[in-house]
Amino acid sequence: MHKFEIIQQGKPNGEGVILFYRTGKGTEIYCLGVPLHYASGEDWDLGPSWCYVIPGRKLTLVDTGQFDKYDLLKPMLKQAGFDVKDVKRVIVTHGHEDHDGNLTDIFKASGAELWAHFAYQNMIAYYPGIDDGANRPDFPGSCRTCVMPDEFNKNCRRYQSDRSLIKIDNPVKNGETLPDLKVRFILTPGHSPDSLCAILDEEIVFGGDTLLPTITPHPSLMLEYLVNKRVLPEGYGDRNDAYGLAAYINSLHTIEVECAGADLLLPGHRLFEHGSINYLKPAERAKEVIYFHRERCENILKILGSRILNLEEISVELFPPRLRKGWGKYMARREVMSHLELLADLGDVEWADGKNFTSRATGQRGYNSYFDTFN
Ligand SMILES: [Zn+2]
C-alpha cells in the first residue's frame, strides 16, 4: 500500500500541503502544493500546482509552479529541507504558466539544468514575423492562440518575456532516460504540443496536465496546428499529431501501454483534494479519460440532433452554468471545438459555416469504431 507522510498541513484543496513518498526502490519524493493565483471559487477549484522534489545525486525539481510564485515555492522547498540553490535539474512537464513559472529565478539562484520536450524551446520563443491567423502573433509560440481577453492575460507578459530567454539544456526525445535516476520520458502531446510524462522507478508517473485525477485537461485544437505549423520544430506535427483531441487520445493510449506497470500518478493538479490524497493507477486513469471523451462525443452528437448549432449553443447544453461562469465560457467553447474537430475528421459532423463554427451531425457514428481501436 502506498504511504505518504504529511510533512506540512495546508488547505483541504492541497494549497500549502507538503507530502513525502518513498518508492519501492527507495527513491524519495517530496510533493509541494504551490498555490495558484486563480480565484478558487466554491464552484470550481483547480487546487494548487504540484511540484515534486527528487533528492539524490542531482536534486531534481519536476515543474516549478505558477509564474510570480517564487516567494511561495522557496519556503515550501525550505520546509521540505532544501534550498533553491541546491536544485541541479529541472524537468518541465509542459510550457503552461502554472507549471513552468519561476524558472528564471530558480536558474539564477541555482544554475540548474533544464530538461523539457524538444518542442519547448520553440514554444517559449516569439515569432513577430509569423502571423498565420494567430489571435496573438505578439505572444510566444505557446500562447499565440490565446483566446482569453487582455484583462486576463496582461499579467503573463513579463513571465513570457523572461521565459523566452531560457535555453533548454536537454531537449527530451521520446523514450529518453536520465543517467543517474531511473526516469524514463514519454512524449504525450495533446494538451499542449510540448507535454511529456516522466516515469520514475517504473512505479510513479509524473503526469503534468496530461493525466489528472477527477478532471481532464482541455485538449489543444487542430486549428492551432495551422497557426503554429511554422513555429514547431521542423518535421514535428506534420501529421497533425502535436495538436488536437486525437493527439491527446493517442497520448492517453501511450500512457496505458507505457505505464502499465506503474501504480501511482503524481499529477500537476489535484493530488490532494477535499482533505485527502487521490490515489490513481496511471494506466487505469488514462483508460477512464479515453472513455470520458468517447461519451462527450456521443453527448455532443445527441445535443446537435438535427439542428445546426454554434460552439456557444452546444456548450450551454453540454456544461452546467457553474462551469461557464466568467472565464469558464471560453474554456467551454474550446472544449466543444476540440471534440467537433475530431467528429468532423471522422465524418460524424460537418461544418455548416466554417467561419462561425456552426456544425450539424451527418448521422454517421464513426466515433464508435475510432474509440473501439483503443479498447
Ligand atoms: Zn497545462
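Author: A word on domains comes before anything else: their bounds are taken from an automatic or database domain assignment. This is a predicted model, in which local features need pLDDT of at least 70 and side-chain atom pairs count only at pLDDT 80 or more, while totals for chains, interfaces and linings use all residues. Residues are numbered from 1 along each chain as its sequence is written.

Reader: Into which domains is the protein divided, and how far apart do their C-alpha centres lie?

Author: The division gives domain 1 (4–280) and domain 2 (293–372), and 28 Å separates the C-alpha centres of the two. Two residues are in contact if their C-beta atoms, placed from the backbone, lie within 7 Å, and the contact here takes 13 residues from domain 1 and 15 residues from domain 2. Helices (H or I, at least four residues) and strands (E, at least two) are DSSP runs, numbered from the N terminus; on the side of domain 1 that touches domain 2, helix 7 (residues 245–258) gives the most, with three residues.

Reader: Which residues have the most contacts inside the largest nonpolar core?

Author: In soluble globular proteins, nonpolar side chains tend to be buried together. A residue is buried if 20 or more other C-beta atoms lie within 10 Å of its own, exposed if 12 or fewer, and partly exposed in between, with C-beta atoms placed from the backbone. A nonpolar core is a set of buried Ala, Val, Leu, Ile, Met, Phe, Trp, Tyr and Cys residues joined through C-beta atoms within 7 Å. The largest one here has 88 residues, and those with the most contacts inside it include Cys-31, Leu-32, Tyr-52 and Leu-266. Because domain 1 and domain 2 both give residues to this core, it lies between them.

Reader: Is strand 3 mostly covered or mostly open, and which strands pair with it?

Author: Strands pair if DSSP finds at least two bridges between them. Strand 3 (residues 28–34) is mostly covered, since six of its seven residues are buried. It runs antiparallel to strand 2 (residues 18–22), joined by five bridges, with Cys-31 as the bridge partner of Leu-19. Five bridges also link strand 3 to strand 4 (residues 49–54) in the antiparallel sense, and there Val-34 stands opposite Ser-49.

Reader: What is the order of the open sheet of four strands, and which strands stand at its edges?

Author: The order is 9-10-11-12, with mixed pairing. Strand 9 (183–187) and strand 12 (264–267) stand at the edges, each with a single partner strand, so one side of each is left without a neighbour in the sheet. Strand 9 pairs with strand 10 (residues 196–200) in the antiparallel sense over five bridges, and Leu-196 is the bridge partner of Leu-187.

Reader: Where does Asp-201 lie, and is it buried, partly exposed or exposed?

Author: Asp-201 lies in the loop between strand 10 and strand 11 (204–208), and with 16 C-beta neighbours inside 10 Å it counts as partly exposed. Although Asp-201 is not a glycine, it has a positive phi of about 55°. Glu-202, whose place is in that loop between strand 10 and strand 11, likewise has a positive phi of about 55° without being a glycine.
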